[in-house]
Amino acid sequence: MAMLTCLISLPFALSLKVYSYFECREKRTDPTKSRKVKYDKTVFYGLQYILNKYLKGKVVTPEKIQEAKEVYREHFQDDVFNEKGWTYILEKYDGHLPIEIKAVPEGSVIPRGNVLFTVESTDPECYWLTNWVETILVQIWYPITVATNSREQKKILAKYLQETSGNLEGLAYKLHDFGYRGVSSQETAGIGASAHLVNFKGTDTVAGIGVIKKYYGTKDPVPGFSVPAAEHSTITAWGKDHEKDAFEHIIKQFPNVPVSIVSDSYDIYNACEKIWGEDLRSLIVARSADAPLVIRPDSGNPLDTVLKVLEILGKKFPPVENSKGYKVLPPYIRVIQGDGVDINTLQEIVEGMKQHKWSIENISFGSGGALLQKLTRDLLNCSFKCSYVVTNGLGVNVFKDPVADPNKRSKKGRLSLHRTQSGDFVTLEEGKGDLEQYGVDLLHTVFLNGKIVKTYTFDEVRDNAQLKESELNVLLD
């Protein structure tokens, strides 16, 4: 039923082909207005999931046709449902969709304003099918946006980690996914968490692991990891007078692996100074660098809290100065800030730590709603538009150009994506990419007439999305 809720005859009675494309439009902004994060490039991810789950194989059946027909008659109070078209697909293609989708490789990092995938009908009788699949395909905005936002945070962490430690050791675990309970559905959790794992390896949203294993696959048994962690009920259930006992019980349960313990149920500063710094100090210093205690504050102003916690811990567990001149706590104790973390507060915290001479080695971050939920299609201006049709045997380049918003001007004709000699990406319009001088088209056929013809492993996705040395050099300039 979900597949067949947009089945209305389109007004292209004489068309033989409809060709459309998807892009994250380049946002032309007022130069006098600055944005903290520009999101100039996007991470292409999630199409393979959508194709596998919703479009491949026999997706049209007699039962679905009948159900959609009845719903649409009731919904529109008229017979607008394209029963003839869907019956044609059922009978001629055994319910497989006669369309071709070309796309850039998953994980590709592409500047805004470039074509990311194209869709066209392969049967003149099914010209209308191209834009029927728009709704489900445009939902790729979500994994693209999560992966892009996550990667931008990785760039921030890489910059400050390199500046304050001299290396990028542990970068893959610096931003942990805390977003499971903050998303709108189980499916959202799986898609969003998998998108974050394109860039990092830490997650508590295990639904993402299932999505990756089923729809992509990895060389490793799992693509994401976590550690034993306390939450507030495991502390408060002991009662306020027994907070120390709760801490002691948990830390003793996990002597040989990292363990994260939320420590702000009552007074985070007392917990750091008195309970961890004095009462249980001997248990902490006995732990190894491979099994540190990770103290988790969970309230207050993020930057102020982190700095004060580090200051208290630094007095109880004297830090050393690393080769860059920044303070590093002993390897058996670390901090994770998981409250109020988004791309802007993350920047504020690491900058504040740098100014106070604390290395980013001391901390990791957890992010929930801001990582997986507080995002919209408009953030990256994700758009699906028709750019070429064939009518009465004549190919026509089509586009939109709203007078009230130049940002929404769409591309013309058949499109292709290329790399220039300088390494930049360029989208060629009006079929110009067919000319040999522009080189190979980076759009590859991934779906043809109901079959997925090209796939990517999650390892390939990660390789494509990894931070490039040139990006790191720019960040550190």
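This is a predicted model: local features need pLDDT of at least 70, side-chain atom pairs count only at pLDDT 80 or more; totals for chains, interfaces and linings use all residues.
Colleague: Fine. Which residues do ring pairs link into a cluster?

Modeller: The link here is made by ring pairs, and a pair needs centres within 6.5 Å. Chain such pairs together and you get a cluster of Phe22, Phe44, Phe117 and Phe384.

Colleague: Take Trp86 and Trp128: stacked, tilted or edge-to-face?

Modeller: Look at the angle between the planes, since over 60 degrees counts as edge-to-face. For Trp86 and Trp128 the ring centres are 4.9 Å apart and the planes stand at 70°, so the pair is edge-to-face.

Colleague: And how many residues apart in sequence are the parts that this pair ties together?

Modeller: Trp86 belongs to helix α3 (residues 83–93), while Trp128 sits in the loop between β5 (115–121) and α4 (129–132). Both Trp86 and Trp128 are buried. The pair therefore ties together parts whose separation in sequence, in residues, is 42.

Colleague: What about Phe317 and Tyr332: stacked, tilted or edge-to-face?

Modeller: Their ring centres are 6.1 Å apart, and the planes meet at 70°. Anything over 60 degrees goes in one class, so Phe317 and Tyr332 are edge-to-face.

Colleague: Where in the chain does Tyr332 sit?

Modeller: This pair links distant parts of the chain, 15 residues apart. Phe317 is in the loop between α13 (302–316) and β9 (320–321). Tyr332 is in the loop between β10 (327–328) and β11 (333–337).

Colleague: Is Tyr332 buried or exposed?

Modeller: The cut-off for buried is under 20% relative accessible area. Phe317 has 0% and is buried. Tyr332 has 14%, so Tyr332 is buried.

Colleague: Which Lys lies over the face of Tyr326?

Modeller: There's a charge over a ring at Tyr160, where Lys159 lies over the face at 5.6 Å from the ring centre. For Tyr326, the distance from the ring centre is 3.9 Å, and the residue over the face is Lys357.

Colleague: Now the backbone. Is Tyr39 buried or exposed?

Modeller: Tyr39 has a positive phi of about 50° although it is not a glycine. Tyr39 lies in the loop between β1 (15–24) and β2 (41–43). With a relative accessible area of 6%, and the cut-off being under 20%, Tyr39 is buried.

Colleague: What relative accessibility does Asn449 have?

Modeller: Asn449 is another non-glycine with a positive phi, near 50°. Asn449 is in the loop between β17 (444–448) and β18 (451–452). Asn449 counts as partly exposed because its relative accessibility is 31%.

Colleague: One "binding site" annotation in the unreviewed UniProt entry covers Arg181, His232 and Arg296. Which of these residues does the lining of the largest pocket include?

Modeller: The annotation comes from the UniProt record, whereas the pocket lining is computed. From this set, the lining includes Arg181, His232 and Arg296.

Colleague: Is Arg181 buried or exposed?

Modeller: Arg181 has its place in the loop between β6 (175–177) and α7 (186–196). His232, in helix α9 (residues 232–236), counts as partly exposed at 26% relative accessibility. Arg181 has a relative accessible area of 83%, over the 50% cut-off, so Arg181 is exposed.

Colleague: A further "binding site" annotation from that unreviewed UniProt entry covers Asp204, Arg296, Pro297, Asp298, Gly338, Asp339, Gly369 and Arg377. How far apart are the farthest two C-alpha atoms?

Modeller: These residues span 174 residues in sequence. They do not all gather at one spot, because the farthest two C-alpha atoms are separated by 32.4 Å.

Terms used: Residues are numbered from 1 along each chain as its sequence is written. Side-chain values use heavy atoms; hydrogens and water are left out. UniProt positions are given in the numbering used here, feature names are shortened, and annotations may be inferred rather than shown by experiment. On a 1 Å grid over the protein atoms alone, a cavity is a set of points where a 1.4 Å probe fits but cannot get out, and a pocket is an open set with protein on both sides within 12 Å along at least five of seven lines; lining residues have an atom within 4 Å of a point. Helices (H or I, at least four residues) and strands (E, at least two) are DSSP runs, numbered from the N terminus. Buried means under 20% relative accessible area, exposed over 50%, partly exposed in between (1.4 Å probe, protein chains only). Rings of Phe, Tyr and Trp (its six-membered ring) pair if their centres lie within 6.5 Å; planes under 30 degrees apart count as stacked, over 60 as edge-to-face and the rest as tilted. A charge sits over a ring if NZ of Lys or CZ of Arg is within 6 Å of the ring centre and within 35 degrees of the ring normal.
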